[in-house]
Amino acid sequence: MKIIDAHLHFSEREHFRRTAETVAEVAFSAKGLRSEYEIAGVTAGIVMTSPGREPLPSSGYSRELELKDGSIENLLACIGVNPVDLSNDPGEELYLIEKELNMPYATGIKLYPGYFPFYVTDPLYKPIYRLAQKYKMPVAIHCGDTSSARAKLKYSHPMTVDEAAVEYPDITFVICHMGDPWVMDTAELISKNPNVYTDVSGMIAGNAAFIQRRRNTALYMDHFRQAMVYAEQYDKILFGTDWPIAPVVPYVEFIKDLVPEEHHQDVFFNNALKVYPKLKDLFDSSGS
Ligand SMILES: [Zn+2]
């Protein structure tokens, strides 16, 4: 089965390298990811770029689609928005975001509520939603738990996306990480709102042994299953890894445990094409 990884990170920022080495125990390199993708059957990925335009630590990295040893084929990106930069200098920030949305690799926008204390309905995001409408691009939203104790969870609760989805019915929203641990709320949101999808990336941060331990814990697995069974919206769920916070192959197996086999083709491939239509061009041009 061909797989699309609808949510990963791929930039030379220290916290990603540290997570790769100490949490997921994966080789944090283009070579490492290519090898993991080949074994798992992943043929394309959507990179979530970091919020903010601050320069990367080592010069020469103009964008977040390459590591020290280069890049890999078939990567697109959702462009990260930093609401603090946006409020400090809206003109400059919007100019930079729009410039990036015009790049061939841009396929969406990424917001990071929780990490930043702004609700997705904050008026500050209005021009961002106008850009999403103009470029017909989906808006992926970090939802649920955060990797930082300094983040504020009330802003990243999936329920906050409901109001945005109603106010902007022509924009497609993706609730990242199924909003875990508030997966039942996400189940309700994808059932109720035709324009809301969810990705199942990053629900476990850990190495292969840790993922296996989670898979063996029925009560833990059941909280996701309950949400999926409740929603019965397998055409609204996108596979993603959140690499490098988890190794690819064990993460694929984890999601396969949760999703009934008859829906694998949709969850692991078809749904990403619906939400991120630029993926089609990628496959057409690469012939894969
Ligand atoms: Zn992520």
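Two residues are taken to be in contact if their C-beta atoms, placed from the backbone, lie within 7 Å. By this criterion, among the contacts in the protein chain between residues at least 6 apart in sequence, 81% join residues at least 24 apart. The structure is a predicted model, in which local features need pLDDT of at least 70 and side-chain atom pairs count only at pLDDT 80 or more, whereas totals for chains, interfaces and linings use all residues. Residues are numbered from 1 along each chain as its sequence is written.

The C-alpha trace of the protein chain spans about 50 × 45 × 40 Å along its principal axes. With 288 residues, a compact globule would have a radius of gyration near 19 Å, and the 17 Å of the protein chain agrees with this; the radius is taken over C-alpha atoms, and the globule rule is 2.2 Å times the number of residues to the power 0.38. Of the 288 residues, 47% count as buried, where a residue is buried if 20 or more other C-beta atoms lie within 10 Å of its own, exposed if 12 or fewer do, and partly exposed in between, with C-beta atoms placed from the backbone.

The protein chain contains twelve helices and eight strands, which are DSSP runs (H or I, at least four residues, for helices; E, at least two, for strands) numbered from the N terminus. An open sheet of eight strands has the order β1-β2-β3-β4-β5-β6-β7-β8, with parallel pairing, two strands being paired if DSSP finds at least two bridges between them. β1 (3-8) and β8 (237-238) stand at the edges with a single partner strand each, so one side of each is left without a neighbour in the sheet.

Within this sheet, β3 (residues 75-80) pairs in the parallel sense over four bridges with β4 (residues 106-111), and β2 (residues 42-48) likewise pairs with β3 in the parallel sense over four bridges. Isoleucine 79 stands opposite isoleucine 109 in β4, cysteine 78 stands opposite glycine 108 in β4, and alanine 77 in β3 is the bridge partner of valine 47. Leu75, Ala77 and Ile79 point one way from β3, while Leu76, Cys78 and Gly80 point the other way, and all are buried.

In helix α6 (residues 160-167), the buried residues are Thr160, Val161, Ala164 and Ala165. Seen down the axis of α6, these buried residues fall within an arc of 130°, so they line one face of the helix; the arc is that of the directions from the helix axis to the C-beta atoms. Glu163 and Glu167, on the other side of α6, are exposed. The cover over the buried residues of α6 includes β5 (139-141), β6 (173-175), α7 (183-192) and β7 (196-199).
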